[in-house]
Amino acid sequence: MKICIAGQGAFGIKHIEAIQKIAGIEIVTLAGGSADSTAEVAKKFNIPHWSTKLEECLAQPGVSAAILATPTQMHARQGIQCLRAGKHVQIEIPVSDNLADAAELARVQKETGLVCMGGHTRRFNPSHQWIRKRILAGEMKILQMDVQTYFFRRTNMNALGKPRSWTDHLLWHHACHTVDLFQHQTGETAGVARAIQGPMHPDLKIAMDMSIQMKVPSGAICTLSLSFNNDGPLGTFFRYICDNGTYIARYDELIDGKNNPIDVSKVDVSMNGIELQDREFFAAINEKREPNASIQQVLPAMQTLDKLEKSLL
């Protein structure tokens with residue numbers, strides 16, 4: 001399968017590195033926002049073609065799919081562009097920064113019948129998969145999820161420490177991970193969803209701190225704290241408080257409530273969540289089926305984010 005990667009930044013590179021471990025997939029073109037950095041990444045990973053124009057990359061011979069790791073504000077428009085061009089598309093989280101664009105993306109996917117998937121990595125991390133398998137087996141149910149998403153981003157830098165051309169967002173990007181995961185793990189959509197935010201950054205014009213509460217009809221609750229003001233430790237920590245045990249997940253690692261490590265190495269074929277989501281994308285295309293984290297499946301998370309945004313104080 002010949003594919004296009006769009007985005008030469010930190011997450012574009014993560015996808016490139018993950019795909020190198022997947023047989024039968026060839027990255028033949030790279031679309032980027034900066035000529036110099038795009039050329040540099042294409043050379044480093046031996047990608048034969050690059051351009052700053054996505055349409056040129058999608059038109060390369062044999063390209064059947066694209067993965068978008070571009071700025072959030074471009075996701076929905078570029079996703080629709082890919083679908084209209086007849087290409088399957090995976091869009092890094094979030095698929096859009098508003099509900100209307102996400103709904104339009106879902107509509108165009110139905111119209112074209114192509115695979116359109118959100119890059120909701122938490123669904124694929126072995127740690128969260130381990131929890132989900134036990135929920136589906138009836139071995140436990142979630143009573144509460146307590147989640148901390150903490151970064152130190154008082155300047156507009158990306159994960160590689162380079163200046164960003166766009167501004168990140170606590171609600172529409174980082175909260176999206178947890179909102180979707182909570183609803184995915186419980187199998188329900190939050191009936192209660194409310195949020196408060198701290199002061200706006202004078203230059204970035206975004207809230208740097210946020211607190212979110214959610215509750216699904218079965219009674220399970222989720223409390224999410226987010227900050228761009230936190231000077232370490234960094235990352236996202238998930239505490240699952242269940243009727244049969246407590247578990248703490250951090251990306252692909254899992255421990256129980258007594259700090260005992262749980263071996264999740266046999267949960268899937270890799271310990272790399274991004275590799276696993278990419279494998280699902282390609283498998284869904286080859287098998288002509290809906291993928292886990294399809295646009296239709298993640299749309300409820302976007303609806304809850306919209307509710308949260310409207311509740312902000």
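Modeller: Pro94 lies in the loop between strand E5 (88-92) and helix H5; helices (H or I, at least four residues) and strands (E, at least two) are DSSP runs, numbered from the N terminus. This is a predicted model, in which local features need pLDDT of at least 70 and side-chain atom pairs count only at pLDDT 80 or more, while totals for chains, interfaces and linings use all residues. Residues are numbered from 1 along each chain as its sequence is written, and side-chain values use heavy atoms, with hydrogens and water left out.

The peptide bond that joins Ile93 and Pro94 is cis, with omega about -5°. The backbone oxygen of Pro94 is reached at 2.5 Å by the side chain of His75. A polar atom of the His75 side chain also lies 3.1 Å from the backbone oxygen of Glu92. Both pairs are polar contacts, that is, N or O atoms within 3.5 Å; within protein, one atom must be able to donate a hydrogen and the other to accept it, and residues adjacent in sequence count only if both atoms are side-chain atoms.

His75 itself belongs to helix H4 (residues 75-84). With a relative accessible area of 1%, His75 is buried (under 20%; exposed is over 50% and partly exposed in between, for a 1.4 Å probe and protein chains only). Neighbours within four places in sequence aside, His75 is in contact (heavy atoms within 4.5 Å) with Leu68, Thr70, Ile91, Glu92, Ile93, Pro94, Val95 and Ser96.

The axes of H5 (residues 99-112) and H9 (residues 295-311) come within 9 Å and cross at roughly 165°; axes are lines fitted to C-alpha atoms, for helices over the stretch in contact, and angles run from 0 to 180 degrees between N-to-C directions. The two helices are therefore roughly antiparallel (over 145 degrees). Among the residues that make this contact are Leu99 and Lys110 of H5 and Met302 and Asp306 of H9. The contact residues divide into eight nonpolar, three polar and two charged, where Ala, Val, Leu, Ile, Met, Phe, Trp, Tyr, Cys and Pro count as nonpolar, Asp, Glu, Lys and Arg as charged, and the others, Gly among them, as polar.

Conventions. Parallel < 35°, antiparallel > 145°, perpendicular 65-115°, else oblique.
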